[in-house]
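Open the model in your viewer and keep the selection tool ready. Each stop below says what to select and what is there.

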Amino acid sequence: MDFEKLTTKSKELFQDVVNLAAKEHHQYITPEHLLLEMLKQKDSPVKSLLEKSGIADITSLQQQAEEAVKKLPSVSGEGVQSVMNQDFTRVMMEAEKLATQSGDSYVTLERILQALAQSAGNKAYDLLKANGLNPVALNQAINDMRGGRVADSENAEDNFEALKK
């Protein structure tokens, strides 16, 4: 995963995920951390995209994500550093692949969400699926939001939002 290819908002999300894992004393950064932090973001298209993709109760999904994060094992001691687990790395690599396939130069929040929705084998994927997420509807919602535009700068999400308004 090339972190230079993340948009500014994706970098902020990544930092929030790392901070959450550290705060909770989790040794491993997981897709559950990623989902929870995506749901907590204020100025983000994530909740709208999820609603358009079949998830009716975002609040319930966020509570379930919080519970999943709380159930992760924690460690104690000085200097404990959190590292990305294989599932997290797989999601981020899938997001980069999805961005490239879509003609994006940068990995946006919606591509990370799309990767979460397509990367089976972790609790975040299970939560999205159990709450009714339809990956085809998510892809359509992303395409509708973007209106044919690609992420060609670090601030691509700002451009998408400005044009949407």
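Select α1. The expected span is 1.5 Å times one less than the number of residues. Helices (H or I, at least four residues) and strands (E, at least two) are DSSP runs, numbered from the N terminus.

This is a predicted model: local features need pLDDT of at least 70, side-chain atom pairs count only at pLDDT 80 or more, and totals for chains, interfaces and linings use all residues. Residues are numbered from 1 along each chain as its sequence is written, and side-chain values use heavy atoms, with hydrogens and water left out.

Stay on α1 and colour its buried residues: Lys9, Ser10, Leu13, Phe14, Val17, Leu20 and Ala21. They cover an arc of only 145 degrees around the axis, which puts them on the same side of α1. The arc is taken from the directions from the helix axis to the C-beta atoms. Buried means under 20% relative accessible area, exposed over 50%, and partly exposed in between (1.4 Å probe, protein chains only). An α-helix has 3.6 residues a turn, so residues three or four places apart point the same way.

Next, step just past α1 to His25. It takes a positive phi of about 60 degrees, although His25 is not a glycine. His25 sits in the loop between α1 (8–23) and β1 (28–29). At 47% relative accessibility, His25 counts as partly exposed.

Move to Gln41, in the loop between α2 (31–40) and α3 (46–52). Gln41 is buried, at a relative accessible area of 14%. Which residues does Gln41 touch, not counting residues up to four places away in sequence? Show Lys9, Leu13, Lys47 and Leu109. Contact here means heavy atoms within 4.5 Å. Lys9 and Leu13 were also among the buried residues of α1.

Now select Thr108, in the loop between α5 (86–101) and α6 (109–118). Is Thr108 buried or exposed? Thr108 is buried, with a relative accessible area of 0%. Its side chain has a polar contact of 3.1 Å with the side chain of Glu110. Another polar contact, of 3.0 Å, runs to the side chain of Arg146. A polar contact is a pair of N or O atoms within 3.5 Å; within protein, one must be able to donate a hydrogen and the other to accept it, and residues adjacent in sequence count only if both atoms are side-chain atoms.

Follow Arg146 into α8 (residues 135–146), where 12 residues reach 17 Å from first C-alpha to last, close to the 16 Å expected. Arg146 is buried, as are Leu138, Ala141, Ile142 and Met145. The buried residues of α8 fall within an arc of 125 degrees, so they line one face of the helix. Turn to the other side: Val136 and Asp144 are exposed there.

Check both ends of α8. At the start, a side-chain oxygen of Asn134 comes within 2.9 Å of the backbone nitrogen of Val136. After the helix comes Gly147, with a positive phi near 60 degrees.

Finally, show α6 with α8. They pack at an angle of about 170 degrees, with axes 10 Å apart. Axes are lines fitted to C-alpha atoms, for helices over the stretch in contact, and angles run from 0 to 180 degrees between N-to-C directions. α6 and α8 are therefore roughly antiparallel, the term for angles over 145 degrees. Select Glu110, Arg111, Leu113, Gln114 and Ala117 in α6; they meet Pro135, Leu138, Asn139, Ile142, Met145 and Arg146 in α8.

Notes:
Parallel < 35°, antiparallel > 145°, perpendicular 65-115°, else oblique.
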